[in-house]
Amino acid sequence: IPQAITMRQARLQLLEVGLLDDVEALVALDRKSQIEWEYANEVYRQSPLIESVKEAMSLTDEQIDNMFLSASKL
């Protein structure tokens, strides 16, 4: 499982699985997450942002890992 992917890869993967709009709405609720989402070059698998997305979207660790794997190929 890649420990980091680019924000481009993350956004494309979320778009592909139909979660991009939901994640962007979630991120908009927290200024710190919004800054990270907008300005980070990479997103890390073990980041608080990913953990909050996982909880809010009721995703499993396996689903997150699979998205990171798929995203790393984009």
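This is a predicted model: local features need pLDDT of at least 70, side-chain atom pairs count only at pLDDT 80 or more; totals for chains, interfaces and linings use all residues.
Figure 1. Ser33 sits in helix H3, which covers residues 31–39. Which residues does Ser33 touch, leaving out those up to four places away in sequence? Look for Val27 and Leu49.

Figure 2. If you trace them along the sequence, the pattern reads β-α-α-α-β-α-α. The radius of gyration is 11 Å, close to the 11 Å that the globule rule gives for 74 residues, so the chain is as compact as a globular protein of that length. Taken along the principal axes, the C-alpha atoms fill a box of roughly 30 × 25 × 20 Å. How much of the chain is buried? Of its 74 residues, 34% count as buried. Among contacts with a separation of 6 or more, 65% are between residues 24 or more positions apart.

**Figure 3. The largest nonpolar core.** Here you can see a core of 18 residues, the largest nonpolar one. Leu14, Val23, Trp37 and Val43 have the most contacts inside this core. Two or more core residues come from each of helix H1 (7–16), helix H2 (20–27), helix H4 (48–56) and helix H5 (61–71). Which helix gives the most? That is H5, with four residues. As background, nonpolar side chains in soluble globular proteins tend to be buried together.

**Figure 4. Val23 and its partners.** Let us now pick out one member of that core. Val23 is among the residues with the most contacts inside the core. Setting aside residues up to four places away in sequence, Val23 touches Leu14, Trp37, Val53 and Met57. Ser52 belongs to helix H4. Is Ser52 buried or partly exposed? With a relative accessible area of 29%, Ser52 is partly exposed.

**Figure 5. Arg11 in helix H1.** Arg11 lies in helix H1 and counts as partly exposed, at 26% relative accessibility. What is Arg11 in contact with, once its neighbours within four places in sequence are left aside? Its partners are Leu20, Glu24, Trp37 and Glu38. From Arg11 to Val27 is 16 residues in sequence and 13 Å in space, C-alpha to C-alpha.

**Figure 6. Glu38 and Arg31, two charged residues of helix H3.** Glu38 is found in helix H3, and its relative accessible area of 42% makes it partly exposed. Between Glu38 and Met7 there is a distance of 8.7 Å, C-alpha to C-alpha, with the two residues 31 apart in sequence. Arg31 is also in helix H3, and it counts as exposed at 56% relative accessibility. Arg31 and Gln3 are 28 residues apart in sequence, and their C-alpha atoms are 24 Å apart in space.

**Figure 7. Lys54, a lysine that counts as buried.** You will find Lys54 in helix H4. Is Lys54 buried or exposed? At 14% relative accessibility, Lys54 counts as buried. Not counting residues up to four places away in sequence, Lys54 touches Leu59, Thr60, Asp61 and Ile64.

**Figure 8. Ser58 and its positive phi.** Follow the chain into the loop between H4 and H5, where Ser58 is found. What is the phi of Ser58 near? The value is near 55 degrees, which is positive in a residue other than glycine. For context, most residues other than glycine have a negative phi. Ser58 counts as exposed, at 61% relative accessibility.

Key
Residues are numbered from 1 along each chain as its sequence is written. Side-chain values use heavy atoms; hydrogens and water are left out. A nonpolar core is a set of buried Ala, Val, Leu, Ile, Met, Phe, Trp, Tyr and Cys residues joined through side-chain atoms within 4.5 Å. Buried means under 20% relative accessible area, exposed over 50%, partly exposed in between (1.4 Å probe, protein chains only). Contact means heavy atoms within 4.5 Å. The radius of gyration is taken over C-alpha atoms; the globule rule is 2.2 Å times the number of residues to the power 0.38.
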